[in-house]
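These are my notebook entries on a structure that I am opening for someone who has not seen it before. I set down what I looked up, entry by entry.

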Amino acid sequence: AIGIIGLFSIVCLMIILKEWAALARLARIDTLHQEAEQVIAENDLTAARLFIKKLQALYGARDNASWGSQKLEEAAAEAFDADTLLTYAEDTLMSPLDGQATREIEAAARQVATATALVPLAFADVLVALTTNLRMIRRICEIYGGRSGALGGWRLTRAVITHLVATGAVAVGDDLISSVGGGHLVSKISRRFGEGLVNGALTARVGIAAMEVCRPLPFSEGRKPRVTGVIRRALTGLFDRTSDEPASST
């Protein structure tokens, strides 16, 4: 009995340490994000150089970021203003991570759209969309250096939902409405395909919100992915191939 209690205590301690480490990583990214916003607002070169060092400490150990970290260190010594230095940081360190996160969003949007279009069960597409979105958010967090345990995953999901609520009006005015409108047009041909396009667009919007929450450096103007572009790349040829199957069978 003592051995079982001891083993159970060790397991509980390991779970607690894992959750603490996940929350600490999320807090670190949140702190970096706030510091970056302050640097952008004040255009402080000294603070920008200090922020770049912290960003290098976060990503410098990664193989795909070592070259960018070295070039960024050289640029930090030669930069004359904070905006130029942060822009160079986006080009060298953040762009590869943004590409990985965008591919995760495209894969999730494609999976949700396919499930909605092809699965006839009433709530199966809802379950697929929910699990896919949660997995996508967790994966995006890991790409940008965070860790998502049980408590960390709940905190991260709540932050993404809060961000969606705060920026919902901007998203509708931006390009989400065009994707939803396209889904309604497709629904004139096939209701399930139209619903798949709409659900895929909503998944893409959730993924972009997760990128904004998990990214330690806020997007500069023109850098943030657009829902329309993500959906276009994710679903290119998907509905065409699917719609051709009945014709070929007849």
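I begin with a term: I call two residues in contact when they have heavy atoms within 4.5 Å. I take helices (H or I, at least four residues) and strands (E, at least two) as DSSP runs, numbered from the N terminus.

Source notes. I am working with a predicted model, in which local features need pLDDT of at least 70 and side-chain atom pairs count only at pLDDT 80 or more, while totals for chains, interfaces and linings use all residues. Residues are numbered from 1 along each chain as its sequence is written, and side-chain values use heavy atoms, with hydrogens and water left out.

Entry on the whole chain. I find nine helices and zero strands in the protein chain, and along the sequence the pattern reads α-α-α-α-α-α-α-α-α. Of the 250 residues in the protein chain, 42% are buried, where buried means under 20% relative accessible area, exposed over 50% and partly exposed in between (1.4 Å probe, protein chains only). I also looked at contacts between residues at least 6 apart in sequence, and 77% of these join residues at least 24 apart.

Entry on a helix pair. I looked up helix α2 (residues 45-59) and helix α4 (residues 82-118), which pack at an angle of about 15° with their axes 9 Å apart; the axes are lines fitted to C-alpha atoms, for helices over the stretch in contact, and angles run from 0 to 180 degrees between N-to-C directions. The helices α2 and α4 are therefore roughly parallel, since angles under 35 degrees count as roughly parallel, over 145 as roughly antiparallel, 65 to 115 as roughly perpendicular and the rest as oblique. On the α2 side I list L45, A48, R49, F51, I52, L55 and Y59, which meet A82, L85, L86, A89, L93, M94 and L97 in α4. The residues of this contact divide into 13 nonpolar, no polar and one charged, with Ala, Val, Leu, Ile, Met, Phe, Trp, Tyr, Cys and Pro counted as nonpolar, Asp, Glu, Lys and Arg as charged, and the others, Gly among them, as polar.

Entry on cysteines. I count zero disulfides, a disulfide being a pair of cysteine sulfur atoms within 2.5 Å. The closest cysteine sulfur to that of C141 is in C214, at 4.6 Å, too far for a bond. C141 is buried at 0% relative accessibility, whereas C12 is partly exposed at 27%.

Entry on H33. I place H33 in helix α1 (residues 2-42), and at 15% relative accessibility H33 counts as buried. Leaving aside its neighbours within four places in sequence, H33 is in contact with E212, R215, P216 and P218.
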